[in-house]
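Thanks, everyone. Please look at the sheet and the helices packed on it. I'll start with one residue pair.

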Amino acid sequence: MQQAGLSQWLDTLQPQVESALNPTRHGHLPEWLNILAALPQLNASSIDFNTDTIRVGETQDCDTKTREQLTALLKKLHPWRKGPYQVHDIFIDTEWRSDWKWQRVQPHLADLTDRVVLDVGCGSGYHCWRMLGAGAKLVVGIDPTLLSIVQFQAIQHFTGQHPVAVLPIGIEHVPPQLQKFDSVFSMGVLYHRRSPIDHLLELRGCLRQGGELILETLVVDGELGYSLVPKGRYANMRNVWFIPSCLTLESWLQRCGFGNVRLVDENITSIKEQRTTEWMTLNSLQDFLDPDNPALSIEGYPAPKRAIFIAERI
């Protein structure tokens with residue numbers, strides 16, 4: 001990070017991370033850390049960050065007994081939401097097919113070769129690994145969800161050290177107007193922010209002049225100026241504040257100092273992309289749609305629809 005010009009952030013980062021990883025902050029954290037400590041030491045004969053399923057190790061790298069023990073340990077880090085991964089022939093079938101989102105995003109990106117990248121709300125870091133595989137010089141992911149951090153560290157245990165980090169903090173902990181990242185991703189975050197305009201300004205502050213923003217979020221159909229503000233839950237999610245129309249979101253981006261704004265993808269989320277699996281056994285999207293009309297959420301709002309915008313800091 002220092003070599004990438006992020007020394008200003010390093011001045012405050014260590015105490016932020018230490019505070020976030022205080023065992024008193026989450027009752028399960030000591031248990032999760034014990035799981036990390038118990039992971040076996042295995043050499044990976046191959047690692048591939050450029051496949052839909054991130055692959056670490058081969059069948060021959062791990063005997064059957066060790067693989068069974070490893071499977072049991074990794075399953076204790078339930079629920080696995082973002083992926084998929086294959087670790088020494090163990091397929092971690094996550095709730096989200098995050099590779100589908102990457103397939104929608106990647107064709108529209110600037111070349112990530114030698115770029116310094118920030119992934120806001122990165123979860124367990126699946127997309128961080130894909131960004132690294134696409135040639136990024138450094139990828140920094142941030143997410144305050146401690147289980148996601150531990151899941152990333154579990155995968156990193158087997159990959160070894162690479163120029164990628166996932167930190168247990170939110171974007172509010174990034175120094176304002178840092179202006180050091182070549183690319184900033186915010187995927188699945190905007191609708192969770194009480195002030196979407198402030199979030200867009202925070203993202204802009206992370207980017208260098210001419211840097212690229214990749215924004216993926218929920219949207220609804222509607223005219224310029226329209227935004228859905230759920231009265232309570234949306235698709236059973238408690239913390240959804242604003243879901244704008246595409247025209248509204250485009251105007252927000254322009255108002256916040258972004259240029260060359262373009263909508264590159266719209267996609268209705270399917271129950272094949274987000275679903276219950278052996279590695280995420282809780283309720284998922286199918287349970288949050290109206291059983292009589294899957295075009296609606298269980299609250300009667302339009303079913304989840306996502307859009308991807310690309311823009312540049314001007």
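I47 sits opposite V56 of β2. This is a predicted model, with local features needing pLDDT of at least 70, side-chain atom pairs pLDDT 80 or more, and totals for chains, interfaces and linings using all residues. Residues are numbered from 1 along each chain as its sequence is written, and side-chain values use heavy atoms, leaving out hydrogens and water.

β1 and β2 (residues 54–56) pair antiparallel over two bridges. Pairing here takes at least two DSSP bridges. Helices (H or I, at least four residues) and strands (E, at least two) are DSSP runs, numbered from the N terminus.

Now the whole sheet. Four strands make an open, mixed sheet, ordered β1-β2-β4-β5. β1 (47–48) and β5 (90–92) are at the edges with a single partner strand each, so one side of each has no neighbour in the sheet.

Which helix lies across β1, β2, β4 and β5? Helix α6, residues 146–159, running at about 45° to β4 (85–87). Axes are lines fitted to C-alpha atoms, for helices over the stretch in contact; angles run from 0 to 180 degrees between N-to-C directions.

Next, α2 (residues 29–38). Its axis is 10 Å from that of α6, at an angle of about 5°. The two are therefore roughly parallel (under 35 degrees). α2 brings L29, W32 and L36 to the contact; α6 brings L146, L147, V150, Q153 and A154. Contact means heavy atoms within 4.5 Å.

Last, Y85. Among the residues Y85 touches, beyond four places away in sequence, are I54, I92, W129 and I155.

Conventions: Parallel < 35°, antiparallel > 145°, perpendicular 65-115°, else oblique.
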